[in-house]
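Here is a short tour of one protein model for you to follow on screen. Please keep the sequence and the 3D view open side by side as you read.

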Amino acid sequence: VKDGVNGFLFNALSTGAVYNGIKKLESLSEEKYLAMRKNARRESEQYSFERFKKEVLEFVESVKNSRA
């Protein structure tokens, strides 16, 4: 998570820290909220199962080719 870009970071998993994160989120303008939501979605897509599978298969193939 990139604080303020695609979410909010907080130091402790406590009710106070979570509450403060929610208050930060509530204080965003609609424009900033939508931008953060878009950034979070874009970041999460980098960790999709399909992308992971593709990268693992490419790695395996490169190892196989380097041994040939």
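## Asn 6 and its surroundings

Let's begin with Asn 6: apart from neighbours within four places in sequence, Asn 6 is in contact with Val 1, Met 36, Asn 39, Ala 40 and Glu 43, where contact means heavy atoms within 4.5 Å. Asn 6 sits in the segment before α1. Helices here are DSSP runs of H or I with at least four residues, strands are runs of E with at least two, and both are numbered from the N terminus.

Is Asn 6 buried or exposed? Asn 6 counts as buried because its relative accessible area is 12%; the scheme takes under 20% as buried, over 50% as exposed and anything in between as partly exposed, using a 1.4 Å probe and protein chains only. The Asn 6 side chain also reaches the backbone nitrogen of Lys 2, at 2.7 Å.

## How to read the values

This is a predicted model, in which local features need pLDDT of at least 70 and side-chain atom pairs count only at pLDDT 80 or more, while totals for chains, interfaces and linings use all residues. Residues are numbered from 1 along each chain as its sequence is written, and side-chain values use heavy atoms, with hydrogens and water left out.

One of the contacts of Asn 6, Glu 43, belongs to helix α2, which covers residues 30-45. Beyond its neighbours within four places in sequence, Glu 43 is in contact with Lys 2 and Asn 6.

Tyr 47 lies in the loop between α2 and α3, and it counts as exposed because its relative accessibility is 62%.

Ala 17 is found in helix α1, residues 15-27. With a relative accessible area of 15%, Ala 17 is buried. Not counting residues up to four places away in sequence, Ala 17 touches Phe 10 and Ala 12.

Over in helix α3, residues 49-67, you will find Arg 51. Arg 51 is partly exposed, at 38% relative accessibility, and it touches Glu 45 and Gln 46 when residues up to four places away in sequence are set aside. From Arg 51 to Asn 11 the C-alpha distance is 30 Å, and the two are 40 residues apart in sequence.

## The whole chain

Stepping back, the protein chain has 3 helices and 0 strands, in the order α-α-α along the sequence. Its C-alpha atoms fill a box of roughly 60 × 30 × 15 Å along the principal axes. The radius of gyration is 19 Å, whereas a compact globule of 68 residues would have one near 11 Å; the radius is taken over C-alpha atoms, and the globule rule is 2.2 Å times the number of residues to the power 0.38.

Of the 68 residues, 9% count as buried.

How values were computed: Polar contact = N/O pair within 3.5 Å; in protein donor to acceptor, adjacent residues only side chain to side chain.
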